[in-house]
Amino acid sequence: MLGNTRIQAVVWRHALYLEKMLREKLSKIMKKEHKEIFKKGSRTFFYSSLFFPKGVRDKVAALYAFVRVVDDFVDVVPQRGHELVEFIALYNKAKTEPLPSDTLHSIIINDFVALSREEKFEPAWIEAFFASMQADLSKQTYITLEETERYIYGSAEVIGLMMSR
């Protein structure tokens with residue numbers, strides 16, 4: 001019986017070690033994915049970000065991957081509004097508990113949630129961003145200056161506010 005306990009302990013330690021190694025490998029892969037999304041979405045900004053310190057570069061890549069994925073839902077033809085709604089729902093779920101890291105979207109969301117906590121992004125910024133992206137699904141013309149400013153705030157200014165953190 002004592003031998004089985006030792007074997008179980010060794011197996012458990014190896015399982016924990018393998019899990020740690022897999023998480024580290026997945027983290028490296030996802031940082032690479034963030035960078036690929038970033039590079040593909042904005043080559044100029046991507047290359048200029050290479051001059052940032054490494055820690056800043058990784059944060060910028062995580063932020064850019066998040067906003068690029070969301071923006072891509074509404075900028076393609078045909079638009080993928082249902083995917084935007086699902087993505088926002090996953091984001092809201094991830095604010096209370098991390099999502100399983102089994103899809104690119106869930107990993108991007110988890111990384112953004114962690115970044116937003118670390119950098120203390122205002123929740124209203126993220127809501128304004130989502131509101132502007134949702135407006136892209138149905139609104140093509142902004143009649144008033146107030147509408148235009150609200151859209152610009154959510155689609156561009158809040159990204160600058162996040163970057164400034």
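**Exercise 1.** In what order do the elements of the protein run from the N terminus on?

*Solution.* This is a predicted model, where local features need pLDDT of at least 70, side-chain atom pairs count only at pLDDT 80 or more, and totals for chains, interfaces and linings use all residues. Residues are numbered from 1 along each chain as its sequence is written, and side-chain values use heavy atoms, leaving out hydrogens and water. Elements are DSSP runs numbered from the N terminus: helices (H or I, at least four residues) and strands (E, at least two). Reading along, the order is α-α-α-α-α-α-α. The tally is seven helices and zero strands.

**Exercise 2.** Compare the span of helix H5 with its expected span, then list its buried residues.

*Solution.* The expected span is 1.5 Å times one less than the number of residues. Next, burial (under 20% relative accessible area, 1.4 Å probe, protein chains only) applies to Ser106, Ile107, Ile108, Ile109, Asn110, Phe112, Val113, Leu115 and Ser116. Finally, Lys120 follows H5 and has a positive phi, near 60 degrees.

**Exercise 3.** Locate Phe51 and decide: is Phe51 buried or exposed?

*Solution.* Phe51 sits in the loop between helix H2 (43–49) and helix H3 (54–75). Its relative accessible area is 77%, so Phe51 is exposed, the cut-off being over 50%. For the whole protein, buried residues make up 32% of the 165 residues.
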